[in-house]
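Here is a short briefing on one protein chain. Please look over the sequence and the model, then read on.

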Amino acid sequence: MNKVRERIAAVRRPLLGMACYSYDPAFVDMLGHAGVDAVWIEMEHCPISFREAADLCRIAGGLGLLTMIRIPDASRENVLKAAEAGPDIIDLPMANSAEVVGRFVSHARFAPEGTRGFFASSRAVNYGFGPGSIADIQRAINQDICLMAQIETREAVARADEIAGVPGLDAIFLGAGDLSASFGLCGQTDHPVITAALERAIEAARGAGKLLAMAAPPHMMTVWLQKGVELMFL
């Protein structure tokens, strides 16, 4: 069971998160005191470096927050560098095909579940200090990490069943903003067409046994929580 499922089971409610768009340790510290469950470290759109992302993961982890890094894309370099920062969740944007998601999963998981490169000195593997052997730590990482793909285009909605069914993928992030742009309804995230597309993605995720995550403004949070979203970013 990955750490997100463990936290949901422990608190018996959906999880609440907030996003960090710059290298701001004080903001992450505030989130820990505010009582939120998770922090989203944004690397797709914002100029946060991998060194800075690792620092934010250290701070958040020390405060008991779950950490999510949204990487720019599924390239091996980006997946590996994010993974070595030791986040609880790695989120892939623009996951438009099962093939792209399959590569993402392979890069992020150690053998035999994937092809993640062997590196025994990063935060993710406790800098080589254990407990247990490096093989034990790698097995634990494969179990603990939550790999998430964003369905946020018309193309992805059409392939939602294939994407959600990729082995080793743990969660689907519903990307309402980009989805609205993809349908030519930019910013109209509560438009019936967008709602229907998101509900189609939810159906696919549920059919594959995946967790659901989303970002929403306060007035829309209850709507999507009632539809089963388990990790809600405000």
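P131 sits in the loop between α5 and α6. A cis peptide bond joins G130 to P131, with omega at about 10°. The model is a predicted one.

**The loop between α5 and α6**

- P112 also belongs to the loop between α5 and α6.
- The A111 to P112 peptide bond is cis, and its omega is near 5°.
- N126 is placed in the loop between α5 and α6. Its phi is positive, about 60°, although N126 is not a glycine.
- N126 has a relative accessible area of 34%. Buried means under 20% and exposed means over 50%, so N126 is classed as partly exposed.
- Y127 is found in the loop between α5 and α6. Y127 is not a glycine, yet its phi is positive at about 60°.
- Y127 is partly exposed, at 40% relative accessible area.
- R116 forms a salt bridge with E84, with 3.4 Å from N to O.

**Other salt bridges**

- How many salt bridges does a search of the whole structure find? The search returns 14.
- D88 pairs with K3 in a salt bridge, and the closest N and O atoms are 3.9 Å apart. This pair links distant parts of the chain, 85 residues apart. D88 is in the loop between α4 (76-84) and β4 (89-92), and K3 is in helix α1 (residues 3-11).
- Is D88 buried or exposed? D88 has a relative accessible area of 10%, so it counts as buried.
- K3, at 35% relative accessibility, counts as partly exposed.
- D161 and R200 form a salt bridge, with the closest N and O atoms 2.4 Å apart. D161 lies in helix α8 (residues 160-164) and R200 in helix α10 (residues 192-207), so this pair ties together parts that are 39 residues apart in sequence.
- D161 is partly exposed, with 47% relative accessible area. R200 is partly exposed too, with 27%.
- E42, E44 and R70 are linked in a network of salt bridges.

- L179 is in helix α9 (residues 176-182). Its relative accessible area is 0%, so L179 is buried.
- Which residues does L179 touch, not counting those up to four places away in sequence? They are E152, T153, R154, V157, I194, A197 and L198.
- A156 is 23 residues from L179 along the chain, and their C-alpha atoms are separated by 9.3 Å.
- T67 belongs to strand β3 (residues 66-70). At 2% relative accessibility, T67 is buried.
- Leaving out residues up to four places away in sequence, T67 touches V39, C57, A60, G61, G86, P87, D88 and I89. One of these, D88, is the salt-bridge partner of K3.

**The chain as a whole**

- The chain contains 11 helices and 8 strands.
- Its radius of gyration is 17 Å. A compact globule of 234 residues would have a value near 17 Å, so the chain agrees with that expectation.
- The C-alpha trace spans about 50 × 40 × 35 Å along its principal axes.
- Of the 234 residues, 50% are buried.
- Among contacts with a separation of 6 or more, 60% are between residues 24 or more positions apart.
- The chain exposes about 10300 Å². Carbon and sulfur atoms supply 55% of this area.
- There are 21 positive and 27 negative side chains. The centres of the two sets lie 4 Å apart.

Note on methods: Residues are numbered from 1 along each chain as its sequence is written. This is a predicted model: local features need pLDDT of at least 70, side-chain atom pairs count only at pLDDT 80 or more; totals for chains, interfaces and linings use all residues. Side-chain values use heavy atoms; hydrogens and water are left out. Helices (H or I, at least four residues) and strands (E, at least two) are DSSP runs, numbered from the N terminus. The radius of gyration is taken over C-alpha atoms; the globule rule is 2.2 Å times the number of residues to the power 0.38. Buried means under 20% relative accessible area, exposed over 50%, partly exposed in between (1.4 Å probe, protein chains only). Contact means heavy atoms within 4.5 Å. Accessible areas come from the Shrake-Rupley method with a 1.4 Å probe; for residues, only the protein chains shown count as cover. Lys and Arg count as positive and Asp and Glu as negative; His and the chain ends are not counted. The place of a charge is taken as NZ of Lys, CZ of Arg, CG of Asp or CD of Glu. A salt bridge is a side-chain nitrogen of Lys or Arg within 4 Å of a carboxyl oxygen of Asp or Glu.
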